[in-house]
Amino acid sequence: MRRVMQRASLWEVVFALLVAATALPLWVARYLPIQDLPQHLAAIRVLHSYADPHFDFTRYFELGLLRTQYLAYYLAVHWLAYLFDLELANRLLVTACVVATPYSIRALLRALRRDQRLSLFALPLAYNAHLILGFVNFLLAIPLAFYGLALCIEERRAPSLRRALPLALIALICFYAHIVPFALFALGALLVHLQLDLKAMLRGLAPLLPAGLSALVWIGLSPAGRATLIAAQGAESGPVPVYQPWRAALAELPNWLTDVFYGDEPWKLLRAFGVLLLVAFVAGVLRQRDDSAAQDPLGRHFVLRLWPLPIIALGLYFVAPISYDWIWPISPRFALLALLWLIVVLPAPPRYFAAPLFACVLFVTALQTQLVAKAFANFDTQEVADFDRALSVIPPAKRVAGLIFLRGSSQVKFSPFIHYVAYYQARKGGAVMFTFADFPQSPFRFRETNRPPRVPPRWEWLPEQVRPQSDLAWYDYVLVRGGPGPVSRAHGSFAPVYE
């Protein structure tokens, strides 16, 4: 017994060290190349410092918390910001998302009485397109969904009020983080509790009732909720959902996983990960044929019930719309979810095969983590340059437009600079453009009596088409990267204050 306890304690320490090492790249640079991160910081700053006259937010914005489903992320950082600097609080939460995902998968594997080492397969997926794009709400909902389903399974094994209450809270927070992981979690809970005894099934699903009612209220009252429902049903009028041909979706699949850095290394590591996953699957299937009686029968039953989740997620990646109106991306989110749910139901390899297999997974993780850390550090030191000095010359609580001609990076894919003007609002207040404030999922919006000119879709992506006399007349300052394009032809409307 003592040897078993020592082995379990050693596994806990090793697992913690491995997860912590995977999260280290998030701390190697002050500025992370995460595309939407500045916008999230600006939104949280409005919530956190709304009444602070130094930021002068009440002059430009009015709060509307019921308009957004993203309250879990924003409120969590808002509360943490009473203990830490806001940007540090946000980094802690992003780190928590990366750390919590393998831990939550391990918790679900434990509830299923399966080999917890399978959770190591989640480590190479830590730095994916959704993290680089800054979809923190989505990333926060993923571990909540796995933790919630783990509680569902334990609740099915032995119903307990002490377990039902945390389950209700996790389900509610998961919904207010992101609808997509929550929907898969709710489906998983239904599959786990599905039974002929209707009363017992409803009793098992009762902890999800607060989250379900919140979802109905959100769909009925929120513009974002109604748009999501229309996108799911398929629209016959108004904005038209955009679909991607399956061949194009297949070709884009690596870009929605871990192939988010330039060079051949990310693609090679992703292929190596795929090979290891396939090897684990084949070895696990062979073991099942020879040693199926050794598994917990009830856990095996639950695993069979959960198999539809990765299959449905993969199918939705190919058949769901890629975008609808302002909602983007939709279908690409299911690629990562399909792999993570596959880890849960993956047949465990035999003992003699497990050690070298998991060692290879850790080797791939180490190579990828080193690659990510190098890219993040180079981005911060080589590309951000003297951005702090540029912001320092602008007084607080001003109106600042951002024209980002050079929005890309040589280190990571996507457009990590496109929202950098939002750092001004996050640090000094006032109002900026481009902003998410005009989007339905924003927890605040501009006051109609004091707002910038409305801009057409993709305004932030087309700075060369901006009209200085009309689009920029409301602003006190313009933050430019590249260009300066139309600002240089503004006929004296703007004078350089820092170059």
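This is a short chat about how to read some features of the predicted model above.

Biologist: Before we start, what kind of model is it, and which residues count for local features?

Modeller: It's a predicted model: local features need pLDDT of at least 70, side-chain atom pairs count only at pLDDT 80 or more, and totals for chains, interfaces and linings use all residues. Residues are numbered from 1 along each chain as its sequence is written, and side-chain values use heavy atoms, with hydrogens and water left out.

Biologist: Okay. How do I read a helix, and what should helix α17 span?

Modeller: Helices (H or I, at least four residues) and strands (E, at least two) are DSSP runs, numbered from the N terminus. The expected span of a helix is 1.5 Å times one less than its number of residues. Helix α17 covers residues 351–383, so its 33 residues should span 48 Å; the end C-alpha atoms are 47 Å apart, which agrees. After α17 comes Ala385, with a positive phi near 60°.

Biologist: Next, the core. Which residues touch the most other members of the largest nonpolar core?

Modeller: Two ideas first. Buried means under 20% relative accessible area, exposed over 50%, and partly exposed in between (1.4 Å probe, protein chains only). A nonpolar core is a set of buried Ala, Val, Leu, Ile, Met, Phe, Trp, Tyr and Cys residues joined through side-chain atoms within 4.5 Å. Here the largest one has 155 residues, and Phe61, Phe121, Leu149, Phe185 and Leu472 touch the most other members. Helix α6 (residues 136–157) gives the most to this core, 13 residues.

Biologist: Let's zoom in on Leu149. What is it in contact with?

Modeller: Contact means heavy atoms within 4.5 Å. Leu149 lies in helix α6 and is buried, at 0% relative accessible area. Leaving aside neighbours within four places in sequence, its contacts include Leu108, Phe185, Leu306 and Trp341. For Leu472, counted that way too, they include Ala401, Leu403, Trp459 and Phe494.

Biologist: Ala401 sits in a strand, I think. How many residues of strand β2 are buried?

Modeller: Strand β2 (residues 399–404) has 6 of its 6 residues buried. Arg399, Ala401 and Leu403 point one way, while Val400, Gly402 and Ile404 point the other way.

Biologist: And which strands does β2 pair with?

Modeller: Two strands pair if DSSP finds at least two bridges between them. β2 runs parallel to strand β3 (residues 431–433), over 3 bridges, and the chain gets from β2 to β3 through helix α19 (residues 422–428) in a right-handed β-α-β crossover. Right-handed means that, with the strands pointing away from the viewer, the path from the first strand over the helix to the second runs clockwise. β2 is also parallel to strand β5 (residues 477–481), with 5 bridges. Ala401 has bridge partners in both: Met433 in β3 and Val478 in β5.

Biologist: What about cysteines? How many disulfides are there?

Modeller: A disulfide is a covalent bond between the sulfur atoms of two cysteines. The rule used is a pair of cysteine sulfur atoms within 2.5 Å, and the count comes to 0. Take Cys152: the nearest cysteine sulfur, that of Cys174, is 11 Å away. Cys152 is buried, with a relative accessible area of 0%, whereas Cys360 is partly exposed, at 38%.
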